[in-house]
Structures are given as structure tokens and as C-alpha cells.
Amino acid sequence: MMRTQLPDTVLRRALTPALTTLTALAALTGCGLLGPTTYDTDETAIEADSGEEFTLSVPSNASLGERWYVAEPKPAARVLRAAGEDQENPGSEADGAGGGSQLFRFKAVGRGSTTIRLIHCPVHACVDKGDDSATASPPPPAGSTAAPASSRPSYHTYTVTVK
């Protein structure tokens, strides 16, 4: 059986557009240009390029009065900037109609490392300080029955490194 070999120029012309497309897609995906990357609560180490936007998605059920806030200390402003917040409630347009997610959007603005601390506040577990921030409610008085763990505030921390 005789094999035919394509000249290098023909092979190069055939492969160049495909390789260019794959390289561009890889670059766009890595930079977040195809849309912001979303991180769930189990993804706490985040790497981003300067200028990249990303979203933190946390489970939230507004109908049960629970809410998440960005807690003190706030992320370093030289590294990250808050870019907005949304609520997602699948299956219904009504705010708080069943389970859903609370979304926190951020934009990487400068090289460095910082943390984002979110506080999860079940109903009446936090004191709203206004300006979209809250602190944990004071502990119950001595001698009183402590609230179950599911109704106490909890913190979730993300470490963000901007390259």
C-alpha cells in the first residue's frame, strides 16, 4: 500500500484556523471574557486576573428570612471591588418563593491577595447595620437556652488571589 504525504504548507493551512480558534477560546475562558466564573460555597480558593469579574453563589431562602452579607473586614479595595448582588429563585418570579441562591459579584482590580468573608444570617440571627452589612446578634443571656446551630449566624471565607 502506498502512502501519500501532504505538503507542509497544505497541512499548515488546514490546521492554522483550528489552532487559532482553540487558542482564542482558551484565552477568553481563562480571562473570564466569556462571562464571569461562578464559585459555590465549596470553592473557597479563587484565582483571577486583574480586570476579571467573578460571582460567589450561596444557597439562600429569602422566604425563610435568611440572608447573606459581606462581613467585616471587607476585601482589600486595592485588590477587589464589589460589583453587585442578586437573588436567584428558580421556578418562580416571586422573591423568596422557595430555595434559591444569593449572588455576590466582584471585579478583580489589582494584583494581590485578600479574603471575602460572608456571614449567613438565618431569620433574626443578625443585626442589620444598613449599607448591606450585618453583624451577628449578641449571644443569648446567661442561663437561657442557646439557639440551635441552624438558627445561628455562620461565616464562610473565600481567599482571592489576583494575578
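Both Cys 121 and Cys 126 are buried, where buried means under 20% relative accessible area, exposed over 50% and partly exposed in between, with a 1.4 Å probe and protein chains only. Before going on, a word on the source: this is a predicted model, in which local features need pLDDT of at least 70 and side-chain atom pairs count only at pLDDT 80 or more, while totals for chains, interfaces and linings use all residues. Residues are numbered from 1 along each chain as its sequence is written, and side-chain values use heavy atoms, with hydrogens and water left out.

**The cysteine pair**

Cys 121 and Cys 126 form a disulfide with their sulfur atoms 2.0 Å apart; the term covers a pair of cysteine sulfur atoms within 2.5 Å. By this rule the count comes to 1 disulfide. The torsion about the S-S bond of Cys 121 and Cys 126 is about -85 degrees, so the disulfide is left-handed.

Cys 126 has a relative accessibility of 17% and therefore counts as buried. You will find Cys 126 in strand E8, which covers residues 126-130. Trp 68 lies 58 residues from Cys 126 in sequence, and their C-alpha atoms are 9.8 Å apart in space.

**The open sheet**

Next, the strands. Helices (H or I, at least four residues) and strands (E, at least two) are DSSP runs numbered from the N terminus, and two strands pair if DSSP finds at least two bridges between them. In this model, 4 strands form an open sheet in the order E1-E3-E6-E5, with mixed pairing. Strands E1 (37-39) and E5 (80-88) stand at the edges with a single partner strand each, so one side of each has no neighbour in the sheet. From one strand to the next, the twist averages 25 degrees; axes here are lines fitted to C-alpha atoms (for helices over the stretch in contact), and angles run from 0 to 180 degrees between N-to-C directions.

E5 and strand E6 (residues 100-108) run antiparallel and are joined by 8 bridges. Glu 85 stands opposite Phe 104 in E6.

**The chain as a whole**

The protein chain has 1 helix and 10 strands, and its elements run α-β-β-β-β-β-β-β-β-β-β from the N terminus on. Some totals follow, with contact meaning heavy atoms within 4.5 Å and accessible areas coming from the Shrake-Rupley method with a 1.4 Å probe, where for residues only the protein chains shown count as cover.

| Property of the protein chain | Value |
|---|---|
| Buried residues | 28% of the 163 residues |
| Contacts between residues 24 or more positions apart | 68% of the contacts with a separation of 6 or more |
| Accessible surface | about 10400 Å² |
| Part of the accessible surface belonging to carbon and sulfur atoms | 57% |
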